Amino acid sequence: MTDTADRTAWFRHDHFGMFIHYGTYSVLGRQEWVKRFDRVPDDEYVRLADHFDPDLFDAGEIARLAKAAGQRYAVLTAKHHEGFCLWDTATTDYSIGTTRGRDLVREYVDALRAEGLRVGLYFSLLDWHHPDYTVDWSHPLGNRDDIDELNANRDMDRFRAYMREQLRELLTDYGTIDYLFVDFTQPGPVDGVLGKTPEDWDAEGLMAMCRELQPEMIINDRFGIPGDLATPEQYQPVKPIEVNGEKVLWEACHTINGAWGYDRENTDDKSPELLARMLAQTVSLGGNLLLNVGPTARGEVPEGHDDILLEVGRWLRRNGGAIYGAGPSEFESPSGVVYTQNGNKLFAHIFDWPFKTLYLPGLADRVTFTRLLSDGAVINTYPIVTDLDHVGASLHPAAPEPGTLVLSLPVVRPKDLLPVIELTLTD
């Protein structure tokens, strides 16, 4: 088996990826959990598949957008909780292969490889369509009083075999898969109704099969057993993530507008500046950012979301050195500044642009050159080598401590999403 450090090396370097949530739920335009939230009966919901025609879904265009946004990998929902498959599967007729004669997973995989991007697939362990999937708290029928009766004739053994074969197809028919994002194990209970445990999936057996079929593939933690990385969702960590006292690889999963699947009425978009800040903060804590788009029912990235991504990409074209291959710094940053570091390059991401001077404690004798990363122009510096409180206190009240490096900054903030200053450190 491939060593974990080797398997995850690309992920630890690249830091930024695109999540793509797509399925028949886009026809309703009310995000991906609409079947459960609106308690839509299955016989009514399945008719969405007849009207799900992704005629404008252009995998090449989406791959090029991800690349232009500075994203180095992507993850497509091959199957979400609704159970509809975006590949031409032999396991069910509830698939795009049956309804439209297409294989969107194939189109996506080929397009990502053509752009030199890493290939990730999302696979939901939940399946609200399969007749043998037992009703749990997440299920659209999970609010019923007769759950025991509903589950009496459902057979999780049959469902496990079905799910296992679907995973086998995805991991054998599409070449090298770099990342498998499974979703999700949560025993519950929620409102008194249980969820699913790792044993319900045979998580150990599924993990072993995945490792056998794709030994270099990274796998997240949502089988309910340890994987290669943790995946906090819609939450921005404020410190490195630890499991049992040990720091672990992690990825923050976020949406542009609060919804994963297409949500026509949701206009709560994050600004490009906010996304740049989130990315910098994530890398400073040793994590990755997986940023989602939810294509429309016809397959296009929602209007405006592409512009947001492209603006982040323009920032990364100039400031990518502070993100790709970088990670947490050994130095403690001052208020309003986030540090990332790559070898002898320290990057100060300036969240709060100060008036004329930026004080960096402990760096007075550690820096040989300083520049604004976006344009490469030098930033002048000088060290504080004496206690200025004792040299004209009226001129320098509450002055920084000796050993502080002072950066002389322009009064006007650079026109960049997030100004980054690169400091070359001494050996």
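A crossover is right-handed if, with the strands pointing away from the viewer, the path from the first strand over the helix to the second runs clockwise. Helices (H or I, at least four residues) and strands (E, at least two) are DSSP runs, numbered from the N terminus. S8, helix H12 (residues 272-284) and S9 make a right-handed β-α-β unit.

This is a predicted model, where local features need pLDDT of at least 70, side-chain atom pairs count only at pLDDT 80 or more, and totals for chains, interfaces and linings use all residues. Residues are numbered from 1 along each chain as its sequence is written, and side-chain values use heavy atoms, leaving out hydrogens and water.

**The sheet**

An open sheet holds 7 strands in the order S5-S4-S3-S2-S1-S9-S8, and the pairing is parallel. Strand S5 (218-219) and S8 are at the edges with a single partner strand each, so one side of each has no neighbour in the sheet. H12 packs on the sheet and touches S1, S8 and S9. Its direction makes about 150 degrees with that of S9. Axes are lines fitted to C-alpha atoms, for helices over the stretch in contact, and angles run from 0 to 180 degrees between N-to-C directions. Contact means heavy atoms within 4.5 Å.

Two strands pair if DSSP finds at least two bridges between them. Strand S1 (residues 16-20) pairs with S9 over 5 bridges, in the parallel sense. Strand S8 (residues 250-255) runs parallel to S9, joined by 6 bridges. The table gives some bridge partners in S9.

| Residue | Partner in S9 |
|---|---|
| Alanine 252 | Leucine 289 |
| Threonine 255 | Asparagine 292 |

**Inside strand S9**

In strand S9 (residues 287-293), 7 of the 7 residues are buried, so the strand is largely enclosed by the rest of the structure. Buried means under 20% relative accessible area, exposed over 50%, partly exposed in between (1.4 Å probe, protein chains only). In a regular strand the side chains alternate between the two faces of the sheet. Gly287, Leu289, Leu291 and Val293 point one way from S9. Asn288, Leu290 and Asn292 point the other way.

**A buried threonine**

Threonine 8 lies in helix H1 (residues 4-14). Is threonine 8 buried or exposed? Threonine 8 is buried, with a relative accessible area of 4%. Leaving aside residues up to four places away in sequence, threonine 8 touches Ile218, Asp228 and Leu249.
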